[in-house]
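Q: Could you walk me through how to read the features of this model? I would like to start with a sheet and then move on to helices and chain contacts.

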Amino acid sequence: MSFEPLGENRFIVPIGPQHPALKEPGHFEFVVDGEIVTGASVRLGYVHRGIEKGAEDRTWIQNLYLMERICGICSHIHATAFVQGVEKLAGVEAPPRARAIREVFAELERIHSHMLWLGVAAHEGGFDALFMYSWRDREVVMDMLEMLSGNRVHYSANLIGGVKYDLNPEMMDKIRDGLNYLEERLAHYLDVVNHDETFIGRTRGIGTMTREQAQLLGAVGPTARASNFAFDVRVDAPYAAYAEFPVEMVVAQEGDLHARFVVRILETMESIRVLRRIFDNLPESELVTRVPRRIPAGETISRVEAPRGELFYFIASSGGEKPERVKVRTPSLCNWGTVITLAVGHKLADMPMILAGIDPCFSCNDRLVMVKRNHQDPQVWTWADLRNYGIEYYR
Amino acid sequence: MNLAIHPLIVLLFFPGGLFLLASGLVFQWADRKLVARFQNRVGPRFFQPLADVLKLLAKEEIIPQGAHRGLFIALPIIALAAALTAALYVPMFGVQPFFSFQGDLIVTIYLLSALTISLGLAGANSVDRFSLVGATRTLTQLFSYEAPFLLAMIGPALAAQTWQISKINAFVGETTWFIVAQPIGFLVALVGLMGKLELPPFDAPEAETEIVAGALTEYSGRGFALFRLSKDIELVIGLTLVAAFYLGGIANPLEFLLKTGGLLLVMALLQTAFARLRIDQTVGMWWRVGALLGLVQILAILAGIYIRQWWL
């Protein structure tokens with residue numbers, strides 16, 4: 001029997017790429033001293049799919065569906081970001097009703113994403129009852145999305161220049177009923193999060209991030225807002241119909257895990273409120289405007305607020321049927337730095353919850369990064385080079 | 001209830017041996033089903049625990065490199081043997097314990113701890129990072145709940161003035177239920193049992209989201225099946241002990257079913273209601289609250305006995 005010293009005599013607990021705590025592959029190494037974490041590192045890239053490159057080979061319409069598949073949870077918001085960028089390049093604007101319906105889908109998606117997160121984060125903390133109940137109630141909003149679009153995950157509601165699906169009064173009534181139920185349940189979960197002693201013991205004062213840290217590390221979305229960093233694209237740079245139907249920004253002061261729970265639950269309740277306002281004053285208009293097949297040459301950026309934070313698209317067109325370049329920066333990518341920084345000094349038992357606290361989405365932030373290593377020209381790699389590189393890397 | 005059965009039958013079939021294993025599986029199923037229903041899930045079908053065990057027994061057992069082979073194979077057997085032996089001193093299923101002597105209470109508790117220690121050793125022997133952390137947590141937890149649990153078990157023994165489980169059981173049957181006379185002891189015993197069994201919220205030693213399966217991460221096949229079986233039997237023994245001591249004793253199979261079933265229901269509720277405690281929170285809770293409460297209970301009992309003697 002032998003105990004080889006690991007690294008520089010350090011005890012490293014590896015989490016991933018396959019680990020029960022992770023729903024997607026990623027690799028984390030936590031250096032622990034007993035139960036205390038003294039160092040952390042992250043390695044991503046297990047599910048790189050080459051979507052950005054793939055986008056250059058597809059037409060604008062085809063890309064719409066490709067972008068939706070970047071993320072299974074926030075599929076609508078990716079398509080919205082792309083579509084808005086393309087509309088800006090083409091110089092058209094979606095009709096008011098279409099923009100309102102985009103907001104409806106986006107907010108329903110936010111509700112389902114935040115409820116999913118609530119369950120996952122509770123499960124990471126060993127609170128399976130909350131996990132099961134929040135996922136049961138999430139089915140309500142999934143059913144709504146299915147009723148509207150026929151799909152539970154990839155709704156494909158967007159078109160370049162508008163939306164596919166219309167809302168009718170019966171649908172709105174059904175959704176209103178569902179929202180009433182959800183609001184009641186969310187109030188209950190907020191109560192649990194705020195008052196359950198064991199839960200508070202696992203969340204309050206854990207992973208505390210100050211406003212300065214959030215700014216420095218470039219945190220976005222609910223993670224940043226829980227640290228009193230008031231930034232929400234929906235409020236600061238309204239898109240879709242957020243100018244007509246504004247949302248209130250939810251901000252918390254504490255910056256710990258508990259604040260992240262509270263911010264997300266309150267945000268979900270705010271989504272419910274704004275949905276009701278939209279249903280009461282849904283503008284009447286066409287659903288789609290005509291958009292040319294060839295998008296004029298130019299560059300643009302498009303920003304939207306995904307459930308996890310600011311989602312950023314850069315789109316360049318050379319005036320053809322296909323985009324020149326599509327660059328996606330997903331919110332999870334901005335938040336990774338906070339995990340690595342906050343982990344140090346906490347207990348190993350807190351790691352899954354700190355990890356889940358940013359609501360990570362692995363697949364959407366995997367990029368191909370080239371590191372020049374014994375290679376002449378870093379720009380041009382032949383297929384044989386890449387193959388060799390792969391073989392050497394995993395040897 | 002006292003039965004005259006051949007000792008071999010006692011050891012192999014009833015109430016030891018096969019019947020005990022079967023009841024362990026039934027209790028495991030009941031526990032899983034109850035927790036599932038409390039969590040609004042469907043839960044497993046009744047034969048699921050048996051199917052799990054059969055499947056595991058049929059599987060190849062993989063021994064990790066660097067682990068001590070003999071120890072790796074022996075530890076699950078020791079754990080199961082400890083659990084099965086402990087059952088002989090406890091009035092299982094309302095039948096008189098088949099071996100009984102002055103001090104068997106301590107032996108039973110010792111045997112149940114031996115089970116946990118072999119679990120910890122198994123983790124330390126596996127030379128896996130998750131197992132090592134799990135083993136450390138298992139043993140840390142052992143040192144935190146063991147003292148309060150022991151105090152809670154000693155309470156009824158002091159009141160009954162005997163260290164023999166069967167005599168305590170008989171004594172309790174004749175007086176008011178100890179859950180009324182010693183409510184603190186009952187609470188400590190029940191929660192201590194949950195710590196012993198590593199049930200939520202005391203499941204830090206096998207917290208799947210951190211350390212996969214804790215000490216048992218490297219175990220597969222037969223070893224894993226035996227460890228799980230011994231845990232199931234520990235559950236039955238623990239429930240029987242607490243029911244015998246605090247719920248007015250167990251005199252017949254019907255009482256056994258009702259009382260242990262009721263306890264299991266409460267335990268399932270407690271498992272559902274809380275988030276997992278960190279290991280430092282567990283230790284802090286037991287030593288700051290559990291042990292103190294247990295001591296207060298013991299002092300109260302001693303004072304009660306003293307006053308009664310002085311009065312008479």
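This is a predicted model: local features need pLDDT of at least 70, side-chain atom pairs count only at pLDDT 80 or more; totals for chains, interfaces and linings use all residues.

**Reading the sheet, the helix pair and the interface**

A: In chain A, three strands make an open sheet, ordered β1-β2-β3, with antiparallel pairing. The edges are β1 and β3 (36-43) of chain A, each of which pairs on one side only. On average, neighbouring strands are turned by 25° against each other, direction ignored.

Q: How many bridges join β1(A) to β2 of chain A?

A: Five bridges link β1(A) to β2 (residues 27-33) of chain A. Ile12(A), for instance, has Val31(A) in β2(A) as its bridge partner. Helix α12 (residues 331-343) of chain A packs on this sheet, where it touches β2 and β3 of chain A.

Q: How should I describe two packed helices, and what does the pair α4(A) and α5(A) look like?

A: Packed helices are described by the angle between their axes and the distance between the axes. Here, the axes of α4(A) and α5(A) come within 8 Å and cross at roughly 165°. Because that angle is over 145 degrees, α4(A) is roughly antiparallel to α5(A). The crossing of α4(A) and α5(A) is left-handed. By class, the residues of this contact are 13 nonpolar, four polar and three charged.

Q: And which element gives the most to the side of chain A that touches chain B?

A: An interface's size is often given as the accessible area lost when the parts come together. In terms of contacts, 29 residues of chain A meet 28 residues of chain B. The element giving the most on the chain A side is α5(A), with five residues. That side has 15 nonpolar, seven polar and seven charged residues.

Definitions and conventions. Residues are numbered from 1 along each chain as its sequence is written. Chains are lettered from A and ligands numbered from 1 in the order in which they are written. Two residues are in contact if their C-beta atoms, placed from the backbone, lie within 7 Å. Helices (H or I, at least four residues) and strands (E, at least two) are DSSP runs, numbered from the N terminus. Ala, Val, Leu, Ile, Met, Phe, Trp, Tyr, Cys and Pro count as nonpolar, Asp, Glu, Lys and Arg as charged, and the others, Gly among them, as polar. Axes are lines fitted to C-alpha atoms, for helices over the stretch in contact, and angles run from 0 to 180 degrees between N-to-C directions. Angles under 35 degrees count as roughly parallel, over 145 as roughly antiparallel, 65 to 115 as roughly perpendicular and the rest as oblique. A crossing is left-handed if the near helix is turned anticlockwise from the far one by less than a right angle, and right-handed if clockwise. Two strands pair if DSSP finds at least two bridges between them.
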